[in-house]
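The sequence and the model come first, and the description follows.

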Amino acid sequence: NGAASHINNRRYRRPRNVKDYKNWVTNFEKSGDWAKETKHFESIISQEDILLEELMLGLRTSDGVNIGKLKGPKWTESILKGAEKSIEQGLAVFEKGNLKLTDPEGMLLSNQVISSIFAQIDYP
């Protein structure tokens, strides 16, 4: 999918193929209006998607994620339930409100751990 960023619940990405990318750069150089030139490559993302992304990316760092800051007690319970087996297997630890993957085992199996957590989260 390529690199993307989000600002104010909008995801921005650059064109994916070379021809479109060259046209995008040319148009941006002419107009100087980043917002105008990225409008075609913009999508609105939900608050839940932003939180899931923060969880997924945060778990892939050595600091982990303070899960209490993500959404509240309901999500905290779901996240911990999803991480329970990984914690038992030594793939993750929960300390001082932070959920972290162990290194190297948890990091190597991060997709498995994160998938288990996502499966427990109740989506609206």
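Among contacts in the chain between residues at least 6 apart in sequence, 53% join residues at least 24 apart. The model is a predicted one. The chain has 124 residues, of which 31% count as buried. It contains 6 helices and 6 strands, and from the N terminus on the order of these elements is β-β-α-α-β-α-β-α-β-β-α-α.

**Sheet**

An open sheet is formed by 3 strands in the order S4-S6-S5, with antiparallel pairing. Its edge strands are S4 (65–66) and S5 (92–95), each of which pairs on one side only. Strands of a sheet pair through backbone hydrogen bonds, either parallel or antiparallel. The pairings and one residue pair from each are set out below.

| S4 and S6 | antiparallel | 2 bridges | Asn 66 and Asn 98 |

Strand S6 covers residues 98–101. S5 and S6 form a hairpin with 2 residues between them, and Lys 96 in the turn has a positive phi of about 50°.

The structure holds 1 salt bridge. In this salt bridge the side chains of Glu 95 and Lys 100 meet at 3.7 Å, N to O. How accessible are the two partners, Glu 95 and Lys 100? Glu 95 has a relative accessible area of 42% and is therefore partly exposed. Lys 100 also counts as partly exposed, because its relative accessibility is 23%, and the range for this class lies between 20% and 50%.

Helix H3 (residues 47–59) consists of 13 residues. From its first C-alpha to its last it reaches 18 Å, close to the 18 Å expected at 1.5 Å a residue. Its buried residues are Glu 48, Ile 50, Leu 51, Leu 52, Leu 55, Gly 58 and Leu 59.

The largest nonpolar core has 18 residues, and those with the most contacts inside it are Leu 55, Leu 59, Ile 79, Leu 99 and Ile 117. At least two residues of this core come from each of H3, helix H4 (73–88), S6 and H6. H3 supplies the largest share, 4 residues. Leaving aside neighbours within four places in sequence, Leu 55 is in contact with Val 65, Ile 67, Leu 70, Ile 79, Ile 117, Phe 118 and Ile 121.

**Helix H6**

Which residues of H6 are buried? They are Ser 110, Val 113, Ile 114 and Ile 117. These residues cover an arc of only 90° around the axis, so they lie on the same side of H6. Asn 111 and Ala 119, on the other side of H6, are exposed.

Ser 110 belongs to helix H6, which spans residues 110–120. Is Ser 110 buried or exposed? Ser 110 has a relative accessible area of 8% and is therefore buried, since buried means under 20%. Not counting residues up to four places away in sequence, Ser 110 touches Arg 60 and Leu 101.

Terms used
Residues numbered from 1 in each chain as written. Predicted model: local features only at pLDDT ≥ 70, side-chain atom pairs only at ≥ 80, totals over all residues. Heavy atoms only, no water. Buried < 20%, exposed > 50% of the residue type's maximum accessible area, 1.4 Å probe, protein only. Contact = heavy atoms within 4.5 Å. Pairing = 2+ DSSP bridges. Arc of directions from axis to C-beta. Expected span 1.5 Å × (residues − 1). Salt bridge = Lys/Arg side-chain N within 4 Å of Asp/Glu carboxyl O. Core = buried A, V, L, I, M, F, W, Y, C linked by side-chain atoms within 4.5 Å.
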